[in-house]
Amino acid sequence: MAAMTYREALNLALREEMRRDPRVFVIGEEVGLYEGAYKVTQGLLKEFGGQRVVDTPIAESGFTGVGIGAAMVGLRPVIEMMTFNFALLALDQIVNSAAKMYYMSGGQFNVPIVIRGPGGPAAQLAAQHSQSMETYFYHVPGLKVVRPTTPMDAKGLLKSAIRDDNPVIFIEAETLYSVKGEVPDDPEFLIPLGKALVRREGTDVTVIAYMGMMYRAMEAAEELEKEGISVELVDPRTLRPMDTETIIGSVRKTHRAVVVEAGAGFAGMGSEIVAFVTEQAFDDLDAPVERVTGANAPMPYARNLEKLKTPSKDKILAAVRRVCNANGS
Amino acid sequence: MAKTLTRGGASPGLGVDAAVAKQLLTDMLLIRRFEEKAAEAYTLGKIGGFLHLYIGEEAVAVGTTSVLRPDDYAISAYREHGHCLAKGSDPKRVMAELYGRRDGLSKGKGGSMHLFDRSTNFLGGHAIVGAHLPIAAGVGFAIKYQGGDQVIVCYFGDGAVPEGEFHESMNLAALWKLPVIFLCENNRYAMGTSVERALAQPEIWRFGQTYGVPSERVDGMDVLAVREAVARAVTRARQHKTPALLEADTYRYRGHSMRDPAGAVYRTKEEVEREKLRDPIVLFRDKLLAAGLLAEADVRTIEKDVSDRVDEAVAFADASPEPPGEWLFTDIYKEA
């Protein structure tokens, strides 16, 4: 174990996988000479050279397609999106080419790529650079979607994503790159995709959250503890495939659930979680499942408005109190 | 044209021997007859969805493939039956795919627009216009990365040229020196939109100059001309990782798809009839007969052989069962 930042954990995962497997290469805007817009790829060009750390011009659809083509014939590209906002320019490649190739070809051509980069609410970056992007991807059969909350997850999940034989959308966060945590040194440390994690055990209510919202929910849980409400925190870590079993298991134990997500609520991650919790554990629920979501508005620039757009700790506290005060059986 | 050639004695100057010539004619005829049968099957309701026929354009796929090695790659858009067959796929499995049957190349899950064949390095069948061009560049990237000397031929229509991905791919292939042969089949219409209505620069090969990519226009109705132009591009790509842009001047006799059977709204009957006068198969056959490389009897044998193979393909497709229901959920994710 070593204490390192989320950014360093990602960097270590890339390094280890590139050392392990010569088919792995990194491609994207400013990943080499500039060492990454957010320095995730720092030092990689020096260690692995220009053939494996490939700077591209600004052509998201083009270089994503390059990654897909290379993956079809045996390589394992890690494509960096400088930010996931730019991935929309490559959405056709991701949805229509990467996700469906294996299926359309009747199992002849799989596409082992990782598309990674930061996404989600950032700090005063306004509407085009600060938004939750996972909804665009987790709807698509054939894609896996990962959102790693901690440095340990960042390392373990990225390594699993690189070793996975399918296209994996791996969305980090600007706001988490400097967060520090314990990370195993073991180059074989992997966290399997599709496994949720109970980050905090509790008995009264299950709060499901990931990324920045998990940190906010943790603060809320500490506060609620003082009020005598015991919160269990579940982090899905992988949104597709979703570990419904762990979430349902927790809800069966606590009988109450709140989903927190940074993105807008309409047809969001929370909607899906509420749906399967209701379908599979209705009889176990003592209260309706609540959602705390980002406002249904684009991200504003002004600091005060930005704050209103994103779910606050107070909103989480209020939602948890509501479900805990509901009359259960 | 054939009449001007001297019969016998003098060297025909075709640059191919009888065996190659016969193969080229056979391959073109196979595609023609295959497509005619597919059209028939479509009208009978045996084939559903969209069906884009390659009739009229056979010389491009056949001339191109004739100078490729089996380990070279090809990738195409949705009018790809011809490219797939030329690359060596079994017509039976191609037809079964069109029929949506379990013995199809893609187990019936892809259909007419998504033919793939790993055994021939045929990388699909892509139906979003322009999207497979960056993928072709990626295959070129991988060839270089892996230290290979293969090439990839990327077929696309004139309709892909106004797409951003055409330009992104040309730029990346030129910038990184990738062994990609971009082969534009200019059949003059993107669905119903003529090249003149779509491109500020209708001479497509000229876009290659912009990116410093060797480029040329070739008569896409002349299988030998295609063969020679592609051979030059393949040599450069194999030896120096130089990409190429070739514009094959060709024509589709049928409409955009079976849902546009005549293609009559945006072009005249006279134009279609005039284009048929330069039919790639008729011209090449006559040329071979004139040159004495083939006799009438040989032609009849080839015709018979091709028709038998297409009939077999149809029978095979008809007999192949539908994919089982549980296949709905297979091949979505590859398990480790």
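Start by selecting A:Phe25, B:Phe141, B:Tyr145 and B:Trp176, which together form one aromatic cluster in a model that is predicted, where local features need pLDDT of at least 70, side-chain atom pairs count only at pLDDT 80 or more, and totals for chains, interfaces and linings use all residues. Residues are numbered from 1 along each chain as its sequence is written, chains are lettered from A and ligands numbered from 1 in the order in which they are written, and side-chain values use heavy atoms, with hydrogens and water left out.

Rings of Phe, Tyr and Trp (its six-membered ring) pair if their centres lie within 6.5 Å, and planes under 30 degrees apart count as stacked, over 60 as edge-to-face and the rest as tilted. Over all chains the structure holds 12 aromatic pairs. One of them joins B:Phe141 and B:Tyr145, with 6.0 Å from centre to centre and 35° between the planes, and this pair is tilted. Both residues belong to helix α5 (residues 132-145) of chain B, where they are four residues apart, about one turn of the helix; helices (H or I, at least four residues) and strands (E, at least two) are DSSP runs, numbered from the N terminus. B:Phe141 is buried at a relative accessible area of 8%, and B:Tyr145 is buried at 12%, where buried means under 20% relative accessible area, exposed over 50%, and partly exposed in between (1.4 Å probe, protein chains only).

Next, select B:Ser169 in helix α6 (residues 164-175) of chain B, a buried residue with a relative accessible area of 0%. Not counting residues up to four places away in sequence, B:Ser169 touches B:Leu133, B:Pro134 and B:Phe182, contact meaning heavy atoms within 4.5 Å.

Then show two helices of chain B, α4 (residues 91-98) and α12 (residues 296-319), whose axes come within 8 Å and cross at roughly 45°. That angle makes α4(B) oblique to α12(B), since angles under 35 degrees count as roughly parallel, over 145 as roughly antiparallel, 65 to 115 as roughly perpendicular and the rest as oblique. Axes here are lines fitted to C-alpha atoms, for helices over the stretch in contact, and angles run from 0 to 180 degrees between N-to-C directions. Among the residues that meet are B:Pro91, B:Lys92 and B:Met95 in α4(B), and B:Arg309, B:Val314 and B:Phe316 in α12(B).

Stay in chain B for another crossing, that of helix α2 (residues 58-65) and helix α9 (residues 223-240), where the axes come within 8 Å and cross at roughly 45°. The contact is made by residues including B:Ala59, B:Val60 and B:Gly63 of α2(B) and B:Val223, B:Arg227 and B:Val230 of α9(B).

Finally, move to the backbone of chain A. Most residues other than glycine have a negative phi, and most peptide bonds are trans. A cis peptide bond, with omega about 0°, joins A:Arg240 and A:Pro241, and A:Pro241 lies in the loop between β12 (238-240) and α10 (244-254) of chain A. In the loop between α10 and β13 (257-264) of chain A, select A:His255, whose phi is near 65°, a positive value in a residue other than glycine; A:His255 is partly exposed, with a relative accessible area of 27%. A:Glu35, in the loop between β2 (24-28) and α2 (44-48) of chain A, also has a positive phi, near 65°, and A:Glu35 is partly exposed at a relative accessible area of 26%.
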